[in-house]
Amino acid sequence: MHRVQLHYTLSRDAGDSLIRNPLPEMLQAVAEQGSISGAARALGLSYRHVWGALKRWEDQLGGELVTWGKGQSAQLSEFGTKLLWAERQAQARLAPQIAALHADLERAFAVAFDADAHVLTLYASHDDALVALRAHAATQADAGALHLDIRFTGSVDAIRALNEGRCTLAGFHTVDQPAADSVAARSYKPLLQPGLHKIIGFAQRTQGLIVAPGNPLGLQSLADVVRTGARFINRPLGSGTRVLLDDLLAQAGVDAQAIPGYTRNEPSHTAIAQAVAAGAADVGMGIEVVARTRGLDFVPLVQERYHLACLKASLDQPATLALRRLLQTPEWRAHMQALPGYTPLHCGEVLAMSTVLPWWQFASKKRASQPRKQP
């Protein structure tokens, strides 16, 4: 079976919306002109080029393309005729999709040639406010277009991607003032370094139990999940919500292995809500907005802060500055405030890491390192 490969060309010249291949164009020219020389003139090519190209295609495709008898004009073979027919059929059927693809490619590359446009790559723990921010940023062309390239992954993997240079910002979340011996501290402290990273404020959001409408099992806590034997659905290792859950279990004195379904996981808050809505699980941990938008009930457990981390070196780069300005606009703050379970919190502000993540005690370390004065 012969396979089709698609290519596109970047050019200053105006193009059309068709995907072109030189073989059907040559076959069409031969059919119309009745000779190889006539086809070459019509295409603005040499006779030798057209003849050689047709012979190469015959070898590659395994069939004769052009036939002619003594004293007769050149004609397409049955195989050549069918190839030309297939091209016409494909172009006719796919013309709307090809035109849309052409337009999408041109729009995407227009950003690269727009000096006032910025693209910011963000790896982040799943968050509906970031989805809304991406859409909101796309409508703010008057202030300089900002295109957010968001890849949702676990909080731990997001910060690793930042450290490996695969993104400019990393989104992760913790409770306010996480303890130095918490799972959050053990997970994030090795990945974030004072003087290297900066924290940009984003939001406060509510996490809790996503349950069926009416909360039929009457769940109000993680202890209730164990007591009732409710089927739980978890988030994967490395996700911020898994880190948060393990901290909450430790604080409540609940053994994780006592939760039915603790080892089952779904990749996002949305997938957790879908599992509950479909009856595949009784309860899962997630953000309020995904429960509300799917008509499910929600039991709030904790308020947490969603942070955006970046390298200090990128803090004042044009794309990061554009995002910080956008986050501080009244329009965006009002937009976030309308999302269930969200409140703007130091949105767009650069925050001291020792305040946000208090296990870093920079001032204390500095004082401890200073030699004592002799009396």
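Biologist: Which residue meets Asp224 in a salt bridge?
Modeller: A salt bridge places a side-chain nitrogen of Lys or Arg within 4 Å of a carboxyl oxygen of Asp or Glu. In this predicted model, local features need pLDDT of at least 70 and side-chain atom pairs count only at pLDDT 80 or more, while totals for chains, interfaces and linings use all residues. Side-chain values use heavy atoms, leaving out hydrogens and water, and residues are numbered from 1 along each chain as its sequence is written. At 3.4 Å, N to O, the side chain that meets Asp224 is that of Arg227.

Biologist: In which helix do Asp224 and Arg227 both lie?
Modeller: Helices (H or I, at least four residues) and strands (E, at least two) are DSSP runs, numbered from the N terminus. Asp224 and Arg227 are three residues apart, about one turn, within residues 222-228, which form helix H8.

Biologist: Is Arg227 buried or exposed?
Modeller: Buried means under 20% relative accessible area, exposed over 50%, and partly exposed in between (1.4 Å probe, protein chains only). Asp224, at 15%, is therefore buried. Arg227 has 58% relative accessibility, so Arg227 counts as exposed.

Biologist: Which strand holds Glu304, a salt-bridge partner of Arg205?
Modeller: The closest N and O atoms of Arg205 and Glu304 are 2.6 Å apart. The pair ties together parts 99 residues apart in sequence, because Arg205 lies in strand S6 and Glu304 within residues 297-311, strand S9.

Biologist: What is the relative accessibility of Glu304?
Modeller: Arg205 is buried, with a relative accessible area of 0%, and Asp127 is buried at 0% too. Glu304 also counts as buried, with a relative accessibility of 1%.

Biologist: Which residue has its backbone nitrogen 2.7 Å from a polar atom of the Asp247 side chain?
Modeller: Asp247 lies in helix H9 (residues 240-252) and is buried, at 11% relative accessible area. Setting aside residues up to four places away in sequence, Asp247 touches (heavy atoms within 4.5 Å) Ser182, Val183 and Ala184. The backbone nitrogen in question belongs to Val183.

Technical notes:
A polar contact is a pair of N or O atoms within 3.5 Å; within protein, one must be able to donate a hydrogen and the other to accept it, and residues adjacent in sequence count only if both atoms are side-chain atoms.
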